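Here is a short tour to read alongside the model. Please keep the viewer open as you go through the points.

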Amino acid sequence: MKITARGLNRSTLARQLLLRREKIGAAEAVRRVVALQAQQPASPYLALWNRTAAFDPSGLDGAFADGTVVKSTLMRITLHAVHADDYRPFREAVHPLLRSGRLGGRFTASGLTPADADALVPELLAFADRPRTNAEYEAWLEQRVGAAPKSGAWWGLRHYTPLLHAPTTAPWSFGERPAYVAPPDPPAAPEPEVSDAALRTLVLRYLAGFGPASVADVAQFGLVARARVRKALGALADELERCEGPDGEELFDVPGALRPDEDTPAPARLMAMWDSTLLAYADRGRVIPPEYRTEVIRRNGDVLPTLLVDGYVAGVWRPVGGGIEATAFHELPDRVWEELAEEARSLVAFLSEREPEVYRRYGHWWSKLPNAGTRLLPGV
């Protein structure tokens with residue numbers, strides 16, 4: 001079976017709950033969409049506002065507080081919010097990446113070796129029996145091994161050690177000064193066969209939430225070596241379906257997953273910064289038109305809050321006095337502006353209880369963007 005580019009787009013939107021808002025709770029929504037990028041504290045909340053009906057942010061507050069949803073360094077060595085049931089296999093799957101990516105030159109410049117890190121992790125987890133700040137961990141390392149504060153020692157260990165971010169401050173559960181705590185049942189450094197088994201779980205979960213997808217897509221999502229992905233897909237051969245992509249590439253999928261007709265209408269959305277849907281593929285043209293990619297994904301890694309129109313990025317947005325400023329990269333028909341205006345009214349009401357000027361620190365990017373039309377979408 002061959003699937004078109006537009007068909008792939010609609011499959012992603014359906015699985016990411018972006019064709020219609022679902023009547024489900026926060027924890028189940030996180031499970032359904034697999035992982036939400038969480039380096040910006042508000043973004044998981046805005047991501048679920050886009051995906052669930054009558055989203056109550058206190059539901060996500062509670063899920064973070066009781067550990068049903070956890071925030072940690074996972075895929076692509078990036079902060080993600082995931083369901084607690086997924087944390088262990090995801091962490092074990094990306095363990096080789098975390099080891100190679102965070103125990104290299106910057107870490108060893110502190111005078112420690114990867115073997116030192118392995119020896120320190122159990123002690124560090126014991127010390128993390130309650131939420132502690134960066135300064136507390138740096139002081140512990142200085143006392144324990146003589147590592148100077150602000151060296152690469154804690155930088156490497158805080159990613160390599162399986163630590164969770166502990167909820168700290170309002171308005172979005174996590175503030176600018178993070179605290180870290182050990183999981184209730186910390187995963188040990190896995191043997192290669194355990195990591196490979198965990199990767200198979202990650203592959204199945206990824207395909208359920210983002211498929212159909214290629215080897216390169218799976219590898220990009222986890223920042224996992226393609227050879228490992230091919231091995232995992234080979235081991236899962238009897239459990240997966242195959243189809244042909246728009247350019248003849250082999251795609252993999254889980255049986256029975258949603259694949260809507262390519263003509264299925266897609267509602268307008270005001271997407272969060274770093275929304276996972278924009279970043280989960282090697283070919284980001286699935287959602288971001290190639291001509292706009294460098295506009296919304298900046299060189300330093302910032303991924304701007306975007307307008308999603310007919311399933312594709314069509315511009316960016318930001319809160320301003322009186323509503324939402326929406327900048328389109330190409331002309332949009334009046335009916336689309338009306339749909340965006342309805343979303344903006346809902347978003348302004350949602351933000352008013354938490355952070356009306358969310359993402360304000362990123363406003364400097366707007367002077368560097370193409371502009372086919374900017375409108376103030378009123379909040380009332």
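Contact here means heavy atoms within 4.5 Å. Helices (H or I, at least four residues) and strands (E, at least two) are DSSP runs, numbered from the N terminus. This is a predicted model, in which local features need pLDDT of at least 70, side-chain atom pairs count only at pLDDT 80 or more, and totals for chains, interfaces and linings use all residues. Residues are numbered from 1 along each chain as its sequence is written, and side-chain values use heavy atoms, with hydrogens and water left out.

**Helix pairs**

Two packed helices are described by the angle between their axes and the distance between the axes. Axes are lines fitted to C-alpha atoms, for helices over the stretch in contact, and angles run from 0 to 180 degrees between N-to-C directions. Angles under 35 degrees count as roughly parallel, over 145 as roughly antiparallel, 65 to 115 as roughly perpendicular and the rest as oblique. Among residue classes, Ala, Val, Leu, Ile, Met, Phe, Trp, Tyr, Cys and Pro count as nonpolar, Asp, Glu, Lys and Arg as charged, and the others, Gly among them, as polar.

- Helix α6 (residues 95-102) and helix α10 (residues 152-160) have axes that come within 9 Å and cross at roughly 175°, so α6 and α10 are roughly antiparallel to each other.
- On the α6 side, His95, Leu98, Arg99, Gly101 and Arg102 meet Trp155, Gly156, His159 and Tyr160 of α10; by class, this contact has three nonpolar, four polar and two charged residues.
- For helix α11 (residues 192-210) and helix α12 (residues 215-222), the axes come within 11 Å and cross at roughly 105°, and α11 and α12 are therefore roughly perpendicular to each other.
- Leu202, Val203, Tyr206, Leu207 and Phe210 of α11 meet Asp217, Val218 and Phe221 of α12, a contact with seven nonpolar residues, no polar ones and one charged.

**Sheets and a hairpin**

Strands of a sheet pair through backbone hydrogen bonds, either parallel or antiparallel. Two strands pair if DSSP finds at least two bridges between them.

- Three strands make an open sheet in the order β1-β3-β2, with antiparallel pairing; its edge strands, each pairing on one side only, are β1 (36-37) and β2 (69-73).
- Five bridges link β2 to strand β3 (residues 79-83) in the antiparallel sense, and Thr73 stands opposite Leu79 in β3.
- Helix α2 (residues 26-33) lies across β1, β2 and β3 and runs at about 110° to β3.
- Strands β7 (residues 241-244) and β8 (residues 250-253) run antiparallel, joined by four bridges; Glu241 has Asp253 in β8 as its bridge partner.
- β7 and β8 form a hairpin with five residues between them, and Gly248 in the turn has a positive phi of about 85°.
- Another open sheet has five strands in the order β9-β10-β11-β12-β13, with antiparallel pairing, and β9 (269-270) and β13 (373-378) are the edge strands.
- Helix α16 (residues 334-352) lies across β9, β10, β11 (312-320), β12 (323-328) and β13, at about 50° to β13.

**Pockets**

On a 1 Å grid over the protein atoms alone, where a 1.4 Å probe is used, a pocket is an open set of points with protein on both sides within 12 Å along at least five of seven lines, and lining residues have an atom within 4 Å of a point. Grid points are joined across faces, edges and corners, and a volume is the space filled by probe spheres set on the points.

- The largest pocket holds about 590 Å³ of space; of its 27 lining residues, Gln39, Gln40, Lys71, Leu79 and His165 are the closest to its centre.
- α10 gives the most to the lining of the largest pocket, with three residues, and this lining divides into 11 nonpolar, 10 polar and six charged residues.
- The second largest pocket holds about 300 Å³; of its 20 lining residues, Gly67, Val70, Leu164, Pro183 and Pro184 are the closest to its centre.
- The lining of the second largest pocket divides into 14 nonpolar, two polar and four charged residues.

**Backbone details**

- Ala170 and Pro171 are joined by a cis peptide bond with omega about 10°, and Pro171 is in the loop between β5 and β6.
- The peptide bond from Gly211 to Pro212 is also cis, with omega near -5°; Pro212 is in the loop between α11 and α12.
- Leu17 is not a glycine, yet has a positive phi of about 60°; Leu17 lies in the loop between α1 (5-15) and α2.
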